[in-house]
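Morning, everyone. Let me put today's model on the screen, and then I'll walk you through it.

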Amino acid sequence: IVGAGIPAATGMALSMQILGTGNVAMCVFGDGAAQTGICHEAMNMAGLWKLPVVFVLEHNQFGLTVPSEVQSPVEDLSIRAAGYAMPAEIVDGNDAVAVYRAVSAMVERARRGEGPGMVECKTYRIEGFSTSDMGGYQKSEDIAAWKARDPLLVSRKALLGDVGEAKLAGIEAAAKAEVDEAFAAALSDPMPEFFVDEACNPYSEAH
Ligand SMILES: Cc1ncc(C[n+]2csc(CCOP(=O)(O)OP(=O)(O)O)c2C)c(N)n1
């Protein structure tokens, strides 16, 4: 259900506030989810009651197949946070460190009891939405430009100076070997047996 995590996180934040746990709830959602009614009801409540929740908006410029300019009259969706008395920060969503810093700052202020916050991560969906939507509606020059700024490439470049090429190549090789090993193990494992509990099957002939 698109946008369902937004009220769920807000409800969890209300529980955390009432119980005084000192925890902070967080939800990550898309630009399509940001257009739902429940998003705005939840954010209004979070702002009104100063709930400890951080809203992380992954603005990848498409809601399923729909480009953001035909979903919303504003480009920077986080300007709406002002309407709920929340601070918001826009960051480069392909820069892991920028995302970490902005989200951490919002988490810390929420933990201090200063209420909710929003981080809008600007990014781009270079592929389709799922196996039922293989893409094809993005411009190839946009895909190429964003692929060149893949978060892994951006992080690698940022680490290169301090960590060095040899160590980075070693980390990459170890990660690839781990994935290859897991892949091979999954392929060689027997297929799981499906257990169907007839008592819980509404279509069972047994009823
Ligand atoms: C309540 C609800 N309305 C409509 C849909 C159909 N739907 C599936 S994905 C989607 C768009 C989601 O957009 P976004 O939140 O930007 O996610 P992204 O496309 O970036 O994965 C919609 C409308 C749904 N799953 N749930």
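Start at one side chain. Ser72 reaches the backbone oxygen of Val74 with its side chain, at 2.8 Å. The side chain of Ser72 also makes a polar contact with the side chain of Arg80, at 3.2 Å. By polar contact I mean a pair of N or O atoms within 3.5 Å; within protein, one must be able to donate a hydrogen and the other to accept it, and residues adjacent in sequence count only if both atoms are side-chain atoms.

A word on the source. This is a predicted model, where local features need pLDDT of at least 70 and side-chain atom pairs count only at pLDDT 80 or more, while totals for chains, interfaces and linings use all residues. Residues are numbered from 1 along each chain as its sequence is written, and side-chain values use heavy atoms, with hydrogens and water left out.

Back to Ser72. Where is Ser72 found? In the loop between strand S4 (66-67) and strand S5 (88-92). Strands here are DSSP runs of E, at least two residues; helices are runs of H or I, at least four; both are numbered from the N terminus. Is Ser72 buried or exposed? Ser72 counts as buried, because its relative accessibility is 10%. The cut-offs are these: buried is under 20% relative accessible area, exposed is over 50%, and partly exposed is in between, with a 1.4 Å probe and protein chains only. Not counting residues up to four places away in sequence, Ser72 touches Gln35, Leu77 and Arg80. Touching, or contact, means heavy atoms within 4.5 Å.

The loop between S4 and S5 also holds Ala85. Ala85 has a positive phi, near 55°, and is not a glycine. Most residues other than glycine have a negative phi. Ala85 is exposed, because its relative accessible area is 65%. Gln61 also has a positive phi, about 75°, without being a glycine. Find Gln61 in the loop between strand S2 (53-59) and strand S3 (62-63). At 28% relative accessible area, Gln61 is partly exposed.

On to strand S5, the place of Glu89. Glu89 is partly exposed, at 36% relative accessibility. Leaving aside neighbours within four places in sequence, Glu89 is in contact with Ala102, Met106, Met118, Val119 and Glu120.

Now the ligand. Which residues surround the ligand? Among them are Ile1, Val2, Asp31, Asn60, Phe62, Arg125 and Phe129. Near means a heavy atom within 4 Å. Backbone atoms come in too. A backbone N or O atom of Gly32 lies 2.7 Å from an oxygen atom of the ligand. For Ala33, a backbone N or O atom lies 2.9 Å from a ligand oxygen. A polar backbone atom of Leu64 is 2.8 Å from an oxygen atom of the ligand. Taken alone, the ligand exposes 590 Å², and the protein buries 60% of that. Those areas come from the Shrake-Rupley method with a 1.4 Å probe; for residues, only the protein chains shown count as cover.

Finally, the whole chain. The protein chain has 6 helices and 6 strands. From the N terminus, the order is α-β-α-β-β-β-β-α-β-α-α-α. The chain is divided into domain 1 (5-139) and domain 2 (150-188), with bounds from an automatic or database domain assignment. Their centres, taken over C-alpha atoms, are 29 Å apart. Buried residues make up 31% of the 207 residues.
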